[in-house]
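Okay, thanks for coming, everyone. Let me put the structure up, and then I'll walk you through it.

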Amino acid sequence: SSGVIHNPPRTSPPIIGVTGAIGSGKSTVTKLFSEWGATTISADEIGHRVLAHSRIVRHQLISAFGDVILASGTIDRAVLARKALASTSRVLTLNRIVHPALIQGINRAISKAAREPSTRAVVVDAALLVEWGIGRIHWDCLVGVSAPYHARIQRLRDRGLTLPQIRQFSNAQMPWQKKRLYCDFIVKNDASRATLRRRARLCWDKMLSSK
């Protein structure tokens with residue numbers, strides 16, 4: 001024997017996607033996974049960073065939506081949202097400009113988290129994982145969060161969105177009935193917080209035990 005101790009190779013942590021229709025409660029389920037040990041990545045947070053720091057994205061957005069979206073040289077997200085939510089085609093224009101940099105940012109965050117020895121699982125919270133296409137972002141497991149239509153609408157209205165704006169957002173996403181077919185697990189968000197917590201825990205335990 002050479003006296004060299006070979007450590008077994010570290011298996012990479014599972015990468016778990018969390019998706020669902022707008023207003024379904026994806027972020028709530030992601031927060032629960034975080035509580036149970038996941039390293040979480042939010043597409044919304046990375047999207048905010050892209051808007052704040054990418055000069056190319058800023059130029060493209062100004063040329064598409066006009067310089068009314070600028071406030072003191074930076075993009076005013078509220079004005080941009082209002083302009084983009086005027087029609088489904090404008091939502092799609094916004095997505096076409098922002099998403100390549102957003103996907104790149106998510107992939108960088110996944111790689112960084114997966115390299116950390118303490119990472120137990122990486123969870124990516126993104127509404128459009130399926131729409132971006134299998135292979136643009138790798139996941140080992142996809143969780144879909146579903147909620148009744150009326151509950152989703154109420155949640156979004158509480159966030160200040162109007163019904164026409166909610167419709168434009170929804171039209172730019174794959175219908176849930178189709179998207180759910182890509183999911184390995186469905187967590188239903190149609191009862192109390194305690195019930196959601198129990199269902200999410202069951203899903204979490206299954207995903208980690210199958211690893």
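**A quick tour**

So, of the 211 residues in the protein, 46% are buried, where buried means under 20% relative accessible area, exposed means over 50%, and partly exposed is in between, with a 1.4 Å probe and protein chains only. Before I go on: this is a predicted model, so local features need pLDDT of at least 70 and side-chain atom pairs count only at pLDDT 80 or more, while totals for chains, interfaces and linings use all residues. Residues are numbered from 1 along each chain as its sequence is written, and side-chain values use heavy atoms, with hydrogens and water left out.

What's it built from? Ten helices and seven strands. Those are DSSP runs numbered from the N terminus, helices being H or I with at least four residues and strands E with at least two.

Five strands make an open sheet, in the order 2-5-1-6-7, and the pairing is parallel. Two strands pair if DSSP finds at least two bridges between them. On average, neighbouring strands here are turned by 25° against each other, ignoring direction. For angles, axes are lines fitted to C-alpha atoms, for helices over the stretch in contact, and the values run from 0 to 180 degrees between N-to-C directions.

Let's stop at strand 6, residues 141-146. Is strand 6 enclosed or open? Six of its six residues are buried, so strand 6 is largely enclosed by the rest of the structure. Cys 141, Val 143 and Val 145 point one way, while Leu 142, Gly 144 and Ser 146 point the other. In general, side chains in a regular strand alternate between the two faces of the sheet.

Strand 6 has parallel neighbours: five bridges join it to strand 1, with Val 18 partnering Val 143. Four bridges join strand 6 to strand 7, where Gly 144 has Ile 186 as its bridge partner.

And the helices? Helix 5 (residues 88-115) lies across strand 1, strand 2 and strand 5, at about 160° to strand 5. Helix 10 (residues 193-209) lies across strand 1, strand 5, strand 6 and strand 7, at about 165° to strand 7.

Last stop, Tyr 182. You'll find Tyr 182 in the loop between helix 9 (176-179) and strand 7 (185-188). Its relative accessibility is 37%, so Tyr 182 counts as partly exposed. Okay, over to you!

Terms used:
Contact = heavy atoms within 4.5 Å.
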